[in-house]
Each structure stands twice: as structure tokens, then as C-alpha cells.
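Biologist: Here is a model I would like to go through with you. I will ask what lies behind each label.

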Amino acid sequence: AHRAVEACKEAGEPLSQSRLIERMGKGRRALLRAGVEEAVADGALSTENGPRGALIHRFIRDLRDQNK
């Protein structure tokens with residue numbers, strides 16, 4: 001989830017899921033998608049429908065501290 005939030009934050013613009021995963025770097029796509037979903041569930045990223053059925057992700061805030 002941290003990689004998803006950082007990638008979206010650094011992009012400075014909303015990203016499609018495929019572009020977000022691409023910016024997250026190497027890794028199994030299933031695990032990268034799970035990180036994106038976790039960040040959305042935490043409220044760190046928001047989603048909206050984009051052109052041609054794309055799911056657009058927008059940075060909202062950093063992840064909550066998991067240790068609290």
C-alpha cells in the first residue's frame with residue numbers, strides 16, 4: 001500500500017490503475033493490485049471512473065500509521 005500511495009503522490013496527477021502499477025515498480029501484478037486496494041480501503045487514495053472504463057486513482061493523504 002505504501003508503494004501505491006507514494007507512486008500516486010509523486011505523480012502529482014490522477015493515474016489509471018495500469019499507470020499506477022507501472023509507477024510502483026517491479027513486483028507481481030496481483031500483489032501490486034492488492035497494495036492499491038489496501039490504500040483505497042484506508043482512504044489514502046480515492047477512485048473515480050475515467051474514460052474508456054478506466055479506474056482513476058487520486059492521492060488523498062499518506063497512509064495511517066499501522067502501529068497506533
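Biologist: Why is aspartate 42 called buried?

Modeller: Buried means under 20% relative accessible area, and aspartate 42 has 15% in this predicted model, so aspartate 42 counts as buried.

Biologist: What makes the contact of arginine 61 with aspartate 42 a salt bridge?

Modeller: The cut-off is 4 Å between a side-chain nitrogen of Lys or Arg and a carboxyl oxygen of Asp or Glu. In this pair the closest N and O atoms are 3.3 Å apart, so the pair qualifies. Arginine 61 lies in the segment after E3 and aspartate 42 in helix H3, so parts that are 19 residues apart in sequence are tied together. A network of salt bridges links Asp42, Arg61 and Arg64.

Biologist: Why is arginine 61 called partly exposed?

Modeller: Partly exposed runs between the 20% limit for buried and the 50% limit for exposed. Arginine 61 has a relative accessible area of 24%, so the label is partly exposed.

Biologist: How many salt bridges does the rule give?

Modeller: The count comes to 5. One of them joins lysine 9 to aspartate 62, with 3.1 Å between the closest N and O atoms. Lysine 9 is in helix H1 and aspartate 62 in the segment after E3, so this pair ties together parts that are 53 residues apart in sequence. Lysine 9 is partly exposed at 38%, and aspartate 62 is partly exposed at 39%. Glutamate 13 and arginine 19 also meet in a salt bridge, at 3.2 Å from N to O.

Biologist: How do you know that H2 and H3 are roughly perpendicular?

Modeller: Angles of 65 to 115 degrees count as roughly perpendicular. The axes of H2 (residues 17–24) and H3 (residues 29–42) cross at roughly 110° and come within 10 Å, and the two helices are therefore roughly perpendicular. On H2 the contact is made by Gln17, Leu20, Ile21 and Met24, and on H3 by Arg29, Leu32, Arg33 and Val36. By class, that contact has 5 nonpolar, 1 polar and 2 charged residues.

Biologist: What puts the buried residues of H1 on the same side?

Modeller: The buried residues of H1 (residues 2–11) are Ala4, Val5, Ala7, Cys8 and Ala11. They cover an arc of only 165° around the axis, so they lie on the same side of H1. His2 and Glu10 are exposed on the other side of H1. The cover over the buried residues of H1 includes strand E1, H2, H3, strand E2 and strand E3.

Terms used:
Residues numbered from 1 in each chain as written. Predicted model: local features only at pLDDT ≥ 70, side-chain atom pairs only at ≥ 80, totals over all residues. Heavy atoms only, no water. Axes fitted to C-alpha atoms, helices over the stretch in contact; angles between N-to-C directions. Helix = DSSP H or I, 4+ residues; strand = E, 2+ residues; numbered from the N terminus. Parallel < 35°, antiparallel > 145°, perpendicular 65-115°, else oblique. Contact = heavy atoms within 4.5 Å. Nonpolar A, V, L, I, M, F, W, Y, C, P; charged D, E, K, R; others polar. Buried < 20%, exposed > 50% of the residue type's maximum accessible area, 1.4 Å probe, protein only. Arc of directions from axis to C-beta.
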